Amino acid sequence: MTVSLYFKAFGSVIVFLNIVTIMSNPHLSATADERSTDLQTNDFILYKSDTYGVTMYYPSDWEVTHSHGRITFIPDSISYSDKIRDYLDIIVVSSENMRTHELISREINYYRQNFQDFKLIDLVQTTLANNLAYKITYDYQDGLDNIERTEWITIKNGIGYFIVYHAQMAEFFKYLPTVEKMIGSLQINLPLESNSQIPQEIGNVDQIGQHILGIAGIKVGGVPVAVAINPNTKILYVSNSRSNTISAIDTTNDRLVANITVDNLPYGIAVNQFENTIYVANFRSNTVSVIDGATNRVVDTIKVGTNPIEVAVNPDTNTIYVANFRSNTVSVIDGLTNLVKANITLGGMPNNDIAGIGLAVDLFRNIVYVAKTDSDSVSVIDGSTNKIEANITVGDSPAALTVNPNTNMIYVANSDSDSVSVIDGSTNRVVHNISVGSDPYSMGNNLYTNMIYVANSDSDSVSVINGSTDKVLTNITVGKGPQGLTIDPDTNTIYVVNFRSNTVTMINGTTNRIIVGTSFNIYPLDSGYIYCNENQIANSYIKNDINTRLNCQARPNSFLGIFPPIVFDSWSGDLATPSKNNPEITLPVTHYGTLVANFKEVIPSEYLTTNLIIPVMLGTILPAFFGWFIARKRRSNLSRYLKTILAAYEVSDKNKEESLQRLSKIRRNITGLYYKGKLSEEDYGMLDDKISEYHDKVTMV
């Protein structure tokens, strides 16, 4: 288990403490002096940060490490070779124009978009360090790991504190008693000494998967180096070389649907869209992982040559080509059997470092092109015979290729020449050399538009080339270190992975502008609507070109258009403008973010005192008012039942049998209420599912 303290920023200051647990903490009821005395006598020592306004005791035999904006507590039983799954974090973020429930809404919305199988278990009011707080409990799937978390969120004097205990379900209780003592000793000491020490970038509980501000992008795993898309399923696959994972992202809503664990140092990646199969070259494992796109699971692992670095697929022949960095070979795999049916020797080392080599396939002519960095050339392989037919001299250190079979033109990115060589496939001769940005490292083309896109790793840009004229139309700034690139030709969207910023940038191929996503939420749920540019988009995720101006209006729900028990309160979220109390706002979309319309419930006194209105209420509005009142009472009762179920589950920490008995009794009670007509079928089903979920958790522990 790891306990980490992160410090990040959003605007005015929020401190985010991340610790994940669903158990109650008996130490929270003790006074600070009592907790300090108890821990001092039990081999705990004090951690103190005047900069961030927190103190906390931790075990004296735990190691404390520091990095930029992060403090990590590591138990002595954890080795550095272990995959650390349990931790405690503190993160500092900006909270200008935000309130506690808005921060909660932001977190939940983020997790729903980015965590696989995210399930919100509970949301209750509580206390943290003697301050009013909220606690949210949820679980999700991280690759093959089942993760459970609880966050406590509070705000004090304009500073917000998030505490999250995060653990694998199977290891959840291992360090829980120690963590509870640590959190029980937490004190919040204001004010901060210096806001200038807070990093000026967005922060979140999770450092992987978050949206970032600045140059727009979607966060993925550690050091992403390659990307591929299945245009049929709209799932994007990203190779995270440091994380040894593949991020699968649903491009319709930019949500992470899976983190797939593969072998060591995944690099090149390719998709057979007809078979919905993904192939990943694992550089250090000398293997290719085969992923079933329907289940996002590895179904086979194929041994290939030494240090495989790139993959290409011919979907028409169901053949996979793998460039092996140290073997001087291209492995040819039969996609039907997943067996290597040939190894093509290239002659001469195709690379002399990990810069990589390129592969591209002409689907119409069944020709494979291989970029050989050390010899500044491209080999032409006949896919039907697996024989090298020609070698073409290009620029310095060719690193990537793309083919347009419609025009029979091959484009080669020369990383040391900062150029693109254009080869006429009918003659195998270079017909043009095009200057692009610094260190062009990846490329792709849209067959429908005949546009070529080149990722320039050192320039942090993408060059757009018109294939009809071989001229650069524009250069688009993206994230740090663009390393991989792929295109969805159907939506004309270009996806670029940036290995220095761990992000994916989207580009609109029609406008050549960055695309950003905005989440629109309503609080409380179903209390109103948001209209932007006359389109109703409440509780939706919308994509726009960066700097698009939105004219948004918040409209409350009302009964018969006469009696409004709900009125607009304010805007919030990181996209909220200074005029947050005006229901009509105009905002430029400059980054990924959230806009929340907040409403409040009211019963206007004039409706109750005006003689003219009262008769109308009796005939038409009063029934609507009672309907609203009953719905509100129903929500209150449902919340009470959920709290009772959670309390019964939490007893399992001390007595499993008693916990199971309580859950069974609650099930009998709600069943009786359901048959008596006092509980709706929808509410009964939700409560019964929650009881079953907790029952299974207790019996599995």
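Predicted model: local features only at pLDDT ≥ 70, side-chain atom pairs only at ≥ 80, totals over all residues.
Reader: How is the aromatic pair of Phe568 and Trp571 classed: stacked, edge-to-face or tilted?

Author: The structure holds 5 aromatic pairs. In the pair of Phe568 and Trp571, the ring centres are 5.7 Å apart and the planes make an angle of 55°. Planes under 30 degrees apart count as stacked and those over 60 as edge-to-face, so an angle in between leaves the remaining class. The pair of Phe568 and Trp571 is therefore tilted.

Reader: Which residues are linked by ring pairs into a cluster?

Author: Both Phe568 and Trp571 are buried. Ring pairs link these two residues and one further phenylalanine into a cluster. The members are Phe568, Trp571 and Phe599.

Reader: Which helices does the pair of Tyr649 and Tyr694 link?

Author: Tyr649 and Tyr694 form a stacked pair, with 4.4 Å from centre to centre and 10° between the planes. The two residues are 45 residues apart and belong to distant parts of the chain. Tyr649 lies in residues 613–650 and Tyr694 in residues 681–700, which are helix H5 and helix H7.

Reader: Is Tyr694 buried or exposed, and why?

Author: The charged end of Lys690 sits over the ring of Tyr694, 5.8 Å from its centre. The relative accessibility of Tyr694 is 1%. Buried means under 20% relative accessible area, so Tyr694 counts as buried.

Reader: Which residues have the most contacts inside the largest nonpolar core?

Author: The largest nonpolar core has 49 residues. Strand S42 (residues 513–523) gives the largest share of this core, 5 residues. Leu595 touches Cys552 and Trp571, among others, when residues up to four places away in sequence are not counted. The residues with the most contacts inside the core are Cys552, Trp571 and Leu595.

Reader: Why is one side of strand S19 and of strand S22 left without a neighbour in the sheet?

Author: The sheet is open, with 4 antiparallel strands in the order S19-S20-S21-S22. Strand S19 (266–272) and strand S22 (297–303) stand at the edges, so each has a single partner strand.

Reader: What is the bridge partner of Val288 in S22?

Author: Strand S21 (residues 287–292) and S22 run antiparallel. They are joined by 6 bridges. The bridge partner of Val288 in S22 is Ile302.

Reader: What is the relative accessibility of Val420?

Author: Val420 is placed in strand S33 (residues 419–424). Leaving aside residues up to four places away in sequence, Val420 touches residues including Tyr411, His432, Met443 and Ile465. Val420 counts as buried because its relative accessibility is 0%.

Reader: Is Asn547 buried or partly exposed, and what is its relative accessible area?

Author: Phi of Asn547 is near 70°, a positive value in a residue other than glycine. Asn547 lies in the loop between strand S45 (540–545) and strand S46 (548–556). Asn547 is partly exposed, with a relative accessible area of 46%.

Reader: What is the relative accessible area of Leu265?

Author: Leu265 is placed in the loop between strand S18 (255–261) and S19. Phi of Leu265 is positive, near 60°. Leu265 is buried, with a relative accessible area of 12%.

Notes. Residues numbered from 1 in each chain as written. Heavy atoms only, no water. Phe/Tyr/Trp six-rings, centres within 6.5 Å; stacked < 30°, edge-to-face > 60°. Buried < 20%, exposed > 50% of the residue type's maximum accessible area, 1.4 Å probe, protein only. Lys NZ or Arg CZ within 6 Å of the ring centre and 35° of its normal. Core = buried A, V, L, I, M, F, W, Y, C linked by side-chain atoms within 4.5 Å. Contact = heavy atoms within 4.5 Å. Pairing = 2+ DSSP bridges.
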